[in-house]
Amino acid sequence: MLEAAIEAGKKAKWLSDKDKIKSRRKPDGSEVTNADRLAQCMLRTSLRKACPEAYFIGEEGTAGQANLNALSSGTRLFIVDPIDGTRSYKLKKSTWSISIADALIVQDADGRKRLNQLAAAVYAPCKNTLYYAVKGLAFVLNPVAGRINLKDQPGRRLNVATANATDKVPVVTLYRKGINQDQRFPDTKTKLEAIGNLLGRSSKYRMDALDKGSPALSLAMAAERGNNIVITREDDPFQPVTNGMIAPWDTIAGRYIYEQAGGKAPVSADRHGNICLGQGNLSVSIMAPTQEQADEMDKLLTNTILPDVVREH
């Protein structure tokens, strides 16, 4: 999986360096480039070769409309965003990545399904940095040189609770992707903007000023920085992907890396690690270096911004 991410990332970067990027608009209004399609093809070939029985879900093409709920319990799948942060990629910024999650669909005693992640990789070609995680462990490898030998050079282990933070005040990274396209919940944009305004005015937190291109990359970087709380707009991954929704490939790899680096979700989070808003499937994920920080942020948003939160477990 790691080699596949690096190979696809280097090819995409080569296309950018040679000014060979061609783009078009997809039906949902988002951009896709020839590099997205090529990288996904490369990833699908490599991952299926490594694990033929696994189901492949990528953002581009018909697979992007896959309904995870139609897959049976026990199905192993790779969830891929071939270029996470396509706009950043097209503008030749460094904030794009190759994102891969390896997961298994499991069914709980109540009959509801969830994703049990096995591993994740986020590779940032312009930074030549690889973030990856397996159960209980997360690492960053920089620079990536030659063939990866994790046995001898696994990289630097990540731990969000002990990372050397540059800020004593917790930094909050807030992702609100798709709020202008989502027509299911008219108050979605208002609520998420209210969260940003609340935290921006607070002396207890500092909003992340980084250029947000790839959600997965920002989440992985948050695991490295320390004292960084992450809030992302999420959706139930087992709902069919429609315009404006957060798809499984948007944040799953980055969230897993942060989690395996010791990140905590609020104790009130549902089976997907999210907090549902209102009566629908719209939700947010809160992850923090400590349980206390996660629960405190949950309480702040619930009591101040989201008084109609419904807890679903």
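How many of the eleven residues of helix α5 are buried? Nine of them are, so α5, which spans residues 215-225, is largely enclosed by the rest of the structure. The model described in this report is a predicted one.

## Helix α5

The buried residues of α5 are P215, A216, L217, S218, L219, A220, M221, A222 and A223. Each of them therefore has a relative accessible area under 20%, the limit below which a residue counts as buried.

Directly after α5 comes G226. The phi angle of G226 is positive, at a value near 90°.

## The pair α1 and α2

Two packed helices are described by the angle between their axes and the distance between the axes. For helix α1 (residues 2-17) and helix α2 (residues 34-50), the axes come within 9 Å and cross at roughly 160°. Because an angle over 145 degrees counts as roughly antiparallel, α1 is roughly antiparallel to α2. The crossing of α1 and α2 is right-handed.

M1 belongs to the segment before α1. With a relative accessible area of 27%, M1 is partly exposed.

The largest share comes from α6, which supplies seven residues.

In total, 25 residues line the second largest pocket. Those lying nearest the centre of the pocket are L115, Q117, R255, E259 and H272. By residue class, the lining divides into nine nonpolar, eight polar and eight charged residues.

## Loops on either side of β6

D108 is found in the loop between β5 (97-107) and β6. Its relative accessibility is 24%, and D108 therefore counts as partly exposed. D108 and S73 are 35 residues apart along the chain, and their C-alpha atoms are separated by 9.5 Å.

The loop between β6 and β7 (129-134) contains N128. The phi angle of N128 is positive, near 50°, in a residue other than glycine. At 23% relative accessibility, N128 is counted as partly exposed.

## Further backbone features in loops

Which residue in the loop between α1 and β1 (23-25) calls for a remark? D19 is located there, and its phi is positive, about 55°, although D19 is not a glycine. Is D19 buried or exposed? D19 is exposed, because its relative accessible area of 58% lies over the 50% limit.

A cis peptide bond runs from N142 to P143, with omega near 0°. P143 lies in the loop between β8 (137-141) and β9 (156-157).

Definitions and conventions
Residues are numbered from 1 along each chain as its sequence is written. This is a predicted model: local features need pLDDT of at least 70, side-chain atom pairs count only at pLDDT 80 or more; totals for chains, interfaces and linings use all residues. Side-chain values use heavy atoms; hydrogens and water are left out. On a 1 Å grid over the protein atoms alone, a cavity is a set of points where a 1.4 Å probe fits but cannot get out, and a pocket is an open set with protein on both sides within 12 Å along at least five of seven lines; lining residues have an atom within 4 Å of a point. Helices (H or I, at least four residues) and strands (E, at least two) are DSSP runs, numbered from the N terminus. Ala, Val, Leu, Ile, Met, Phe, Trp, Tyr, Cys and Pro count as nonpolar, Asp, Glu, Lys and Arg as charged, and the others, Gly among them, as polar. Buried means under 20% relative accessible area, exposed over 50%, partly exposed in between (1.4 Å probe, protein chains only). Axes are lines fitted to C-alpha atoms, for helices over the stretch in contact, and angles run from 0 to 180 degrees between N-to-C directions. Angles under 35 degrees count as roughly parallel, over 145 as roughly antiparallel, 65 to 115 as roughly perpendicular and the rest as oblique. A crossing is left-handed if the near helix is turned anticlockwise from the far one by less than a right angle, and right-handed if clockwise.
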